[in-house]
Structures are given as structure tokens and as C-alpha cells.
Amino acid sequence: MDVGFIGLGLMGQPMALNLVRAGTSLVVWNRSSGKIEPLRAAGARVADSPAEVFRQARIVILMMVDSNATDLVLGRGTPDFVVNVAQRIIVSMGTNSAEYSRGLEADIRAAGGSYVEAPVSGSRKPAEAGLLVAMLAGDPASVDEVRPLMQPMCHQVVECGKVPSALLMKLSINLFLITMVTGLAESFHFAERHQLDLQQFLAVLDAGPMASSVSRLRAHKLVDGDFAALTSISDVLKNNRLIAAAARQSNLASPLLDICYSLYGETVALGHGQEDMAAVVRAIEARTDKGDN
């Protein structure tokens, strides 16, 4: 049977394209039709509804924006849920809370299906290049069956054990990413307001020990004022909220993350929610301009 893929957003579309180009027989569905045409042109079959994807595929990959969207396509809480998931492996590659994922696994198992967590680390550019890092959790037999499907999308796959360990791993990595990019934005703001040569700023950063693919990409965005989204401010704020909630539930301090939460929320309030996460510099600029220092 075909493999199903539901959710062709900023990350899902290039991921699904890499599966099709690798020869995977793929049936896809997306809420907005505009994202579907590149998949159709690449050879994927397009379903009329999520239910049709579940009818045609034994393994269905979900790359949904949040838990509500995931529940909606699964038909969770309705009689359709059992029909959709029974005798299928449901692979959730989106980022949700660990608590939600644990509950979803229990419901899918009770309905006669199997569940694999497979969140990924990376943004749109690595997704296009097939250079994401996947974290897998679930029962070993299902993980073994899903793992080969990760190869066209990811350059590395890490098996994390039982659900929800993969999502907790993803949230741990995202905590570092969020604080790192926010620190880079503040560093750029400091250099720019001191009227330093920003090309020299790039050169020094790139030559030093802090250089990485993330710093190179986001530093150029900051210098060029190019905030076309690779990972949107709104998505980062959602991830920040999930990490903060997990920290509170475990009685963990997260001081840097809490500051970032405020800054990303302020960036959304300023109207930059659909721009790249580097646009958090707008909130820092606004604080400076208001004399918040």
C-alpha cells in the first residue's frame, strides 16, 4: 500500500517532495490546495480528504501545525478515529506537547493502531536538502518499519525509546536553538547600533568558535533585512510555550527561555508573526527605542 502524508506546510511540503523523489509511492492531502500542486507534478497521488489517505495507506505521516489540527485529520473524538487508525502506523512529525503525545499513543493503541513520534530538528532549508535530524519513539517494531522512510528526509535518525521521549528531546534541542538565535539577534542589534561594519561582523562571527549553519544563515538574514520565514516567529512562540509548560510541569527553572518567550510574544504583537525567527530583533529594537534598558 501507499504511504500517506498529511500536512504540506513550510516543512511538510519539501519533506513530502523528498519522499516522492526517492521513489516512495505517496498519497497526500493538505487543507489548502496551492501546496499540493508541486507534489502532484512530482508524481504523488492527491486525495480528496484525510479519510481517503487513511483508506489507501497503512503508514500515514502527519506534519501538522499543532495538536488541534492533528486531532482534526485523525477524526479523534469521533467514530471515524477507529476507522482511520486501526491496523495502521500513525507517524506524527509535528511538534506537540509530551503529555498530548502520550495520550494520543494510548488512544491509537486502544483503536488497534500503532504510533510513532518522529519530530525533526531543522528548518525549511535543511528540509529541502533532506538534512533534517529525526528523533523516533514508539514500539520497536513500528519504529523499525518507519525508520527507512526517514532516509530521504533526514541525514540522521536517533531512536529515543518510548513515547514521549522523542518530543522531550526535540523540546530540549529547541530550547538551545531559541536562546541561540535570540542571542545572535541581540548581538547584531548591539553591533548595528554602534555603527560597526556589518560585513566585518559576519566575517568575525563566521571565523570564530560560535559559527554554525544556524549562525551563518540567521546572521545573513539580519544583515540583509531578509526575514522570509524558514521558521516563523509564530511557530517559535508555540515551541517556546510547549517547552515552558514542560519545564513548569517538572518544576524546572528556564530563565533564558522565559525571556525569549516575552520577546517572541512582543515580536508577534508588532506584526511580525509570519516572518523568520531572526525577526525577534524587532522586539529588541522596540525595547531600545522605548528606552527599555
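This is a predicted model: local features need pLDDT of at least 70, side-chain atom pairs count only at pLDDT 80 or more; totals for chains, interfaces and linings use all residues.
Helices and strands are here DSSP runs, numbered from the N terminus.

**The whole chain**

Begin with the complete protein chain selected. The chain holds 14 helices and nine strands. Its C-alpha trace spans about 60 × 45 × 35 Å along the principal axes. The radius of gyration is 20 Å, which agrees with the value near 19 Å that a compact globule of 293 residues would have.

Of the 293 residues, 50% count as buried. Among contacts between residues at least 6 apart in sequence, 66% join residues at least 24 apart.

**Helix 4 and its ends**

Select residues 67-74, which form helix 4. Which residues of this helix are buried? They are Ala-69, Thr-70, Asp-71, Val-73 and Leu-74.

Most residues other than glycine have a negative phi, and most peptide bonds are trans.

Select Gln-87, in the loop between helix 5 (80-85) and strand 5 (89-92). Gln-87 is not a glycine, yet its phi is positive, about 60°. Is this residue buried or exposed? Gln-87 is exposed, with a relative accessible area of 69%.

Move on to Val-163 and Pro-164, which are joined by a cis peptide bond with omega of about 10°. Pro-164 belongs to the loop between strand 9 (154-161) and helix 9 (165-193).

Then select Gln-195, located in the loop between helix 9 and helix 10 (198-207). Gln-195 has a positive phi of about 60° although it is not a glycine. Its relative accessible area is 72%, and Gln-195 is therefore exposed, the cut-off being over 50%.

Select residues 213-224, which make up helix 11 and include Asp-224. Asp-224 is exposed, with a relative accessible area of 56%. To see the span of this segment, draw a distance between the C-alpha atoms of Asp-224 and Ser-213: they are separated by 17 Å, with the two residues eleven apart along the chain.

The last stop is Arg-248, in helix 12 (residues 233-249). Arg-248 is partly exposed, with a relative accessible area of 41%. With which residues is Arg-248 in contact, leaving aside its neighbours within four places in sequence? They are Ala-253, Ser-254 and Asp-258. Show the side chains of Arg-248 and Ser-254 together: they make a polar contact at 2.8 Å.

Terms used
Residues are numbered from 1 along each chain as its sequence is written. Side-chain values use heavy atoms; hydrogens and water are left out. Helices (H or I, at least four residues) and strands (E, at least two) are DSSP runs, numbered from the N terminus. The radius of gyration is taken over C-alpha atoms; the globule rule is 2.2 Å times the number of residues to the power 0.38. Buried means under 20% relative accessible area, exposed over 50%, partly exposed in between (1.4 Å probe, protein chains only). Contact means heavy atoms within 4.5 Å. A polar contact is a pair of N or O atoms within 3.5 Å; within protein, one must be able to donate a hydrogen and the other to accept it, and residues adjacent in sequence count only if both atoms are side-chain atoms.
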